[in-house]
Amino acid sequence: MTAETENAIEKLRELVADVQVVLWDFDGPICRLFAGHSAVVVAKDLVEWLAGQGLRGLLTEEEREHPDPMAVLYAVHRRHPRSDLVTELEERLTQQELKAVGTAMPTAFADPLIRTWLAVGARFAVTTNNSPRTVREYLADRDLTSCFDPHIYGRTLDLSLLKPHPYCLERALRAMGVAASSALMIGDSPADGEAARQAGVPFLGYARNEEKAKHLREAGAACVVHSFEPVLEVLRGQA
């Protein structure tokens with residue numbers, strides 16, 4: 001084992017030691033939601049729906065071409081916050097997320113990590129910008145509902161409260177009666193890291209490729225893993 005690897009393992013040990021509550025982002029750390037139902041296609045569907053309503057001009061050319069459906073929703077929210085239009089668009093996105101659940105790909109080692117961490121006494125919440133309905137559907141399909149229920153905190157119609165705002169993390173901490181310093185946030189985006197920072201929660205970055213890892217580190221993440229296998233080994237006392 002190299003000195004660099006030993007240092008990384010030691011950072012993991014320090015992060016997971018005495019953690020009472022783990023706050024999981026959903027799409028990324030738990031699964032790849034759009035693995036079989038392209039997010040690009042979903043974004044185009046939202047743009048086409050807006051065009052069908054005569055609202056194509058509501059978006060810039062860049063927004064119309066954006067591959068992330070959340071970017072389309074954010075763009076409309078910025079111009080018409082808390083409107084019926086945002087409500088309708090959010091529901092359409094939720095329906096697309098629910099459709100994606102059937103072909104979502106579980107993140108490697110996430111399921112055994114969840115079950116092992118639970119067995120050694122941790123409690124879990126999901127803190128996500130996805131719809132809580134989507135999360136519940138996926139967890140039910142994986143027989144993981146009991147590991148998280150009822151602590152699933154997802155997208156609301158007030159999009160200003162989505163991460164990087166710490167709202168969903170703070171809701172989870174209050175509901176579970178735990179101090180921020182006794183929790184750990186696992187996320188795969190700079191927004192997750194910023195939400196954790198604002199909430200005072202230690203952060204573990206998950207990145208399935210080096211580009212994502214680079215973005216997390218540039219945003220200040222001190223500990224980033226490419227796989228949950230070493231986290232699982234630390235919990236099992238094997239690392």
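**Notes on an arginine, the cysteines and the cores**

I began with R64, whose side chain reaches the backbone oxygen of R56 at 3.0 Å. This is a predicted model, so I keep that in mind for every entry. I placed R64 in helix α3, residues 61-64. Is R64 buried or exposed? I found R64 buried, with a relative accessible area of 14%. Leaving aside neighbours within four places in sequence, I listed V47, R56, G57 and L59 as the contacts of R64.

Next I turned to the cysteines. How many disulfides does the structure hold? I counted 0 disulfides. C147 is in none, and its nearest cysteine sulfur, that of C31, is 14 Å away. C147 is also buried, at 6% relative accessible area.

Then I went through the nonpolar cores. The largest has 60 residues, and W24, W117, F124, F148, L204, F228 and V231 touch the most other members. Helix α2 (residues 39-52) gives this core its largest share, 7 residues. Apart from this core I found another, of 23 residues, including L169, L173, A196 and F203.

Last, I looked around F124. Not counting residues up to four places away in sequence, F124 touches V22, W24, I114, W117, L118, C147, F148, H151 and M176. So my buried cysteine C147 turns up again here, among the residues that F124 touches.

Conventions
Residues numbered from 1 in each chain as written. Predicted model: local features only at pLDDT ≥ 70, side-chain atom pairs only at ≥ 80, totals over all residues. Heavy atoms only, no water. Disulfide = S-S within 2.5 Å. Buried < 20%, exposed > 50% of the residue type's maximum accessible area, 1.4 Å probe, protein only. Core = buried A, V, L, I, M, F, W, Y, C linked by side-chain atoms within 4.5 Å. Helix = DSSP H or I, 4+ residues; strand = E, 2+ residues; numbered from the N terminus. Contact = heavy atoms within 4.5 Å. Polar contact = N/O pair within 3.5 Å; in protein donor to acceptor, adjacent residues only side chain to side chain.
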